[in-house]
Amino acid sequence: MNSIIESILISVFLISILLTQYVVRSELISIVTNPDFYWGPTKSWTSIFGQDAYIVDQYASVGDTLLFQHTRVHDVQKMIDEEAFDTCDANSVIEEITRGDFCDGSSNKFCTTYTVTQEDEDAGEIYFACSGPKPDLNTVGNYQHCLNGQKIRVIVGDTKPDPACFASSLTLSCSWFGEDPSQRCDMVDNSDKLCPAECKREFELSCQWFAEDLSRCDMVENSSTLCKRQCGTDCPQ
């Protein structure tokens with residue numbers, strides 16, 4: 001009897017291992033390709049007004065949920081193919097993704113979701129576009145937003161590239177400038193504002209600072225000509 005129970009337990013254990021290997025590990029993917037670009041009170045889910053440099057592909061797997069954040073003048077249209085995506089063809093739409101509820105406590109920002117299917121993986125890519133500006137919530141727009149760049153391609157597969165492949169910036173310590181300020185500060189625009197302690201070479205000093213202690217005039221070169229009233233002579237009283 002014990003051997004039978006033991007065999008059953010072993011079988012259940014082996015089956016659970018096999019099932020674990022085939023579990024769909026879905027994730028929530030927020031469609032915000034350029035987090036620094038804003039459209040109205042909410043982040044746009046892709047570029048708009050011709051900022052094509054910010055249109056980058058998204059990657060997803062079967063079971064993943066794509067989260068589109070948009071205001072009431074936008075929507076999410078699933079386009080039939082790449083040509084329709086490129087030309088923003090209003091007659092080549094598979095479906096309008098059902099608009100989601102308000103999100104983040106907003107009265108104007110919608111969170112619309114789409115779950116990636118096996119059919120999407122078989123096709124290899126999904127194409128989404130905005131038909132806006134929408135005249136009202138229930139009417140499709142003229143696709144001017146799509147023509148202006150508000151669209152995104154999602155590549156579907158089992159593997160996704162490292163996010164660092166699409167990084168637009170990295171965080172760097174100001175100490176990097178301090179290692180060689182004479183060269184590195186000149187290599188980066190606005191380094192004097194980004195890291196003033198390491199790269200700022202000039203600052204504005206009030207002439208009143210000298211008046212508080214006239215011996216300070218000897219500490220600063222040209223103070224007698226630059227702050228002549230405090231450190232020089234021949235100024236009207």
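User: Which cysteine does cysteine 217 pair with in a disulfide?
Analyst: In this predicted model, cysteine 217 is bonded to cysteine 231, with an S to S distance of 1.9 Å.

User: What's the handedness there?
Analyst: The S-S torsion is about -75°, so that disulfide is left-handed. Cysteine 217 sits in the loop between α9 and α10 and cysteine 231 in helix α11, so the bond ties together parts that are 14 residues apart in sequence.

User: Are those two buried or exposed?
Analyst: Cysteine 217 and cysteine 231 are both buried.

User: OK, how many disulfides does the count come to?
Analyst: Five disulfides. One of them joins cysteine 185 to cysteine 199, S to S 2.0 Å.

User: Where do cysteine 185 and cysteine 199 sit?
Analyst: Cysteine 185 is in helix α6 (residues 181-187) and cysteine 199 in helix α8 (residues 196-199), so the link spans distant parts of the chain, 14 residues apart. Both cysteines are buried, and the link is left-handed at -75° about the S-S bond.

User: And what does cysteine 207 bond to?
Analyst: Cysteine 227, with S to S at 1.9 Å. That link is left-handed too, at -70°. Cysteine 207 is partly exposed at 25% relative accessible area, while cysteine 227 is buried at 8%.

Technical notes
Residues are numbered from 1 along each chain as its sequence is written. This is a predicted model: local features need pLDDT of at least 70, side-chain atom pairs count only at pLDDT 80 or more; totals for chains, interfaces and linings use all residues. Side-chain values use heavy atoms; hydrogens and water are left out. A disulfide is a pair of cysteine sulfur atoms within 2.5 Å. Helices (H or I, at least four residues) and strands (E, at least two) are DSSP runs, numbered from the N terminus. Buried means under 20% relative accessible area, exposed over 50%, partly exposed in between (1.4 Å probe, protein chains only).
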